[in-house]
Amino acid sequence: MPINQAPFPATRFRRTRADAARRSMVRETGLCTSDLIWPLFVMEGEGDRHAVPSMPGVERMSIDLVVKAATQAHSLGIPAICLFPYVDPALKTELCEEAWNPDNLSNRATKAIKDAVPEIVVMTDVALDPYNSNGHDGIVRGGEIMNDESVAALVKMALAQAGAGADILGPSDMMDGRIGAMRAALEAEGFQNTAIMSYAAKYASAFYGPFRDAVGASGALKGDKKTYQMDPANKNEALRLVERDLSEGADMVMVKPGMPYLDICRLVKDRFHAPTFAYQVSGEYAMLMAAAQNGWLDGEAVMLESLLAFKRAGCDGVLTYFAPRVAKILAG
Ligand code: PBG
């Protein structure tokens with residue numbers, strides 16, 4: 001970098017920090033409500049809600065209440081919600097057939113939301129884990145997670161979600177070749193405007209623990225997800241995955257988890273200039289909430305600081321369980 005500033009005392013950085021107005025003038029990034037995507041957990045029932053103990057403030061809700069939450073999100077200016085179903089264990093099978101049932105819980109919730117609040121973007125999760133008796137994101141045979149067979153199942157699932165009215169599909173499964181297969185099927189079936197936000201760089205992370213409680217997958221999962229999710233040690237591989245998914249037709253890409261992987265967000269944005277998102281996952285939320293509840297951190301301040309960090313790292317938006325709380329603060 002060329003030296004373009006005078007030495008002290010001609011240059012004093014504290015001048016532009018001296019008051020709120022000047023700080024606001026030189027602020028390089030900002031967090032807005034339109035940056036937020038709110039993940040919601042949906043369950044069967046009516047007028048029912050169930051707290052997720054490892055995610056204080058987060059609840060699973062029946063469809064009618066999820067519709068209310070989506071309506072609230074829309075009135076707060078949040079552009080998108082992302083649905084995750086808590087599936088009845090009796091519907092979980094080894095071949096995950098419930099995943100592409102057009103009337104499954106997730107698809108009914110999508111339809112109900114789009115009927116009530118057509119303006120809000122509904123994003124769905126494309127992965128088999130909520131429907132799989134062994135908790136994996138792909139079909140398991142003899143202990144092996146089958147790639148190509150899983151992709152075929154995921155394509156059926158994607159088409160059912162698009163048919164239900166999902167605006168953005170979020171393949172979070174990490175099978176190889178799924179983006180291209182889904183895009184081709186969506187085009188062939190007339191879903192030209194159904195977008196794909198690929199969980200392109202998704203790491204095998206211990207930060208997903210509370211989420212697996214929320215969707216009831218913790219008990220079901222046999223083993224770990226390391227043969228399909230990424231090794232947290234890798235960076236070049238993340239770039240190759242993002243490039244691969246973009247070349248197969250992903251409209252947007254995601255890095256997940258968020259806070260421990262901000263370096264990856266920055267690299268992805270600088271390299272590809274594509275719409276880039278991060279998922280501030282359940283464990284990150286739990287961590288901040290736990291410290292705040294103990295009085296060890298100022299909860300509101302760390303929430304806003306952590307989300308601003310995603311913008312500084314180059315992200316266009318972030319999936320966060322804090323979405324409605326942040327939106328209310330930003331609305332004043
Ligand atoms: C599953 C899925 C996971 C999350 C989103 N989709 C968990 C996993 O891969 O085991 C995690 C989200 C979070 O932790 O908030 N396909």
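Where in the structure is the place of Met174? Met174 is found in the loop between E8 and helix H5 (178–188), where helices (H or I, at least four residues) and strands (E, at least two) are DSSP runs numbered from the N terminus. The model is a predicted one, in which local features need pLDDT of at least 70 and side-chain atom pairs count only at pLDDT 80 or more, while totals for chains, interfaces and linings use all residues. Residues are numbered from 1 along each chain as its sequence is written, and side-chain values use heavy atoms, with hydrogens and water left out.

**Ligand surroundings**

- Of the 17 residues around the ligand, those that come nearest are Lys202, Arg212, Lys256, Ser282 and Tyr321; a residue is near a molecule if one of its heavy atoms lies within 4 Å of it.
- The shell around the ligand comprises seven nonpolar, three polar and seven charged residues; Ala, Val, Leu, Ile, Met, Phe, Trp, Tyr, Cys and Pro count as nonpolar, Asp, Glu, Lys and Arg as charged, and the others, Gly among them, as polar.

**Polar contacts and burial of the ligand**

- An N or O atom in the side chain of Lys202 is 2.7 Å from an oxygen atom of the ligand, a polar contact being a pair of N or O atoms within 3.5 Å.
- For Lys225, a polar side-chain atom lies 2.7 Å from an oxygen atom of the ligand.
- In the side chain of Lys256, an N or O atom is 3.3 Å from a nitrogen atom of the ligand.
- The ligand taken alone exposes 410 Å², and the protein buries 100% of that; accessible areas come from the Shrake-Rupley method with a 1.4 Å probe.

**Salt bridges**

- The whole structure contains 18 salt bridges, each a side-chain nitrogen of Lys or Arg within 4 Å of a carboxyl oxygen of Asp or Glu.

**Backbone features**

- Met174 has a positive phi of about 65 degrees, although Met174 is not a glycine.
- The peptide bond from Lys256 to Pro257 is cis, with omega near -10 degrees, and Pro257 lies in the loop between strand E10 (252–256) and helix H8 (262–272).

Note on methods
Polar contact = N/O pair within 3.5 Å; in protein donor to acceptor, adjacent residues only side chain to side chain.
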